Amino acid sequence: MSTLREIQKGLMASLTEGDELSTYHYVKPDKNGCSKTPIRIHQQSHFGKQRQALQEIYTVFARLVGEDFFSYVVRQYLDEDPNLTFDIHLYGKSFPEFIASFEPCQSYPYLKDMAEFEWLCYQACFSPPYRALDLMKLQKSSLKRGADLYFSLPQKSALYRSSYPILKIWENNLEESQ
């Protein structure tokens with residue numbers, strides 16, 4: 001008799017790797033004696049949820065490449081780098097690096113930059129709030145310390161530089177995707 005842990009591992013293997021045989025003997029057969037169909041339904045649901053999560057992060061990227069190609073990219077990405085994180089805010093972090101090395105995207109090098117830009121935007125949305133700059137306090141400080149003043153970016157924010165007009169591409173395609 002299998003332990004619960006073994007059953008759970010088998011189910012995860014079925015969902016993520018398409019290994020239907022690992023749960024074959026746990027699934028009650030349908031009226032035709034086929035027990036694979038229920039696993040396929042869960043596989044598609046699992047993939048669909050992961051695809052949807054990635055599309056919510058990489059909205060413009062998905063719009064640029066189209067629905068079918070985006071699904072293909074996501075399928076390849078999940079095969080190469082399955083989601084193992086329990087922190088939903090880290091899910092999809094390696095997607096831009098995957099795009100950079102994914103051969104079908106090599107003809108469009110700005111896609112990697114777009115994915116990086118969208119990841120940074122996504123991360124900034126979940127950064128802790130920061131205090132607004134107190135201009136009166138700044139004015140008093142600058143009179144006293146002048147050259148000693150320095151500014152830093154809020155947590156999880158970044159400056160991003162690209163060889164492509166990423167912001168313009170993003171703005172033009174974001175409006176249409178909403």
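Modeller: F69 is partly exposed because its relative accessible area is 26%. Buried means under 20%, exposed over 50%, and partly exposed in between, with a 1.4 Å probe and protein chains only. Y72 falls in the partly exposed class too, at 38%. This is a predicted model, in which local features need pLDDT of at least 70 and side-chain atom pairs count only at pLDDT 80 or more, while totals for chains, interfaces and linings use all residues. Residues are numbered from 1 along each chain as its sequence is written, and side-chain values use heavy atoms, with hydrogens and water left out.

F69 and Y72 sit 3 residues apart in helix α4 (residues 67-80), so about one helical turn separates them. Helices here are DSSP runs of H or I with at least four residues, strands are runs of E with at least two, and both are numbered from the N terminus.

Two numbers describe a pair of aromatic rings: the distance of the centres and the angle of the planes. Rings of Phe, Tyr and Trp (its six-membered ring) pair if their centres lie within 6.5 Å; planes under 30 degrees apart are stacked, over 60 edge-to-face, and the rest tilted. The structure holds 14 such pairs. For F69 and Y72, the centres are 5.9 Å apart and the planes meet at 40°, so this pair is tilted. Ring pairs also tie F69 and Y72 into a cluster with Y58, F61, F70, Y77, F95, F98 and F102.

F70, a member of that cluster, also touches R51. Contact means heavy atoms within 4.5 Å. Leaving aside neighbours within four places in sequence, R51 contacts E67, F70, S71 and V74. R51 belongs to helix α2 (residues 37-57). Its relative accessible area is 11%, so R51 is buried.

Now the whole chain. It has 8 helices and 0 strands. Buried residues make up 28% of its 178 residues. Take the contacts between residues at least 6 apart in sequence: 61% of them join residues at least 24 apart.

One more aromatic residue deserves a look. F151 lies in the loop between α7 (135-145) and α8 (166-177). It counts as exposed because its relative accessibility is 60%.
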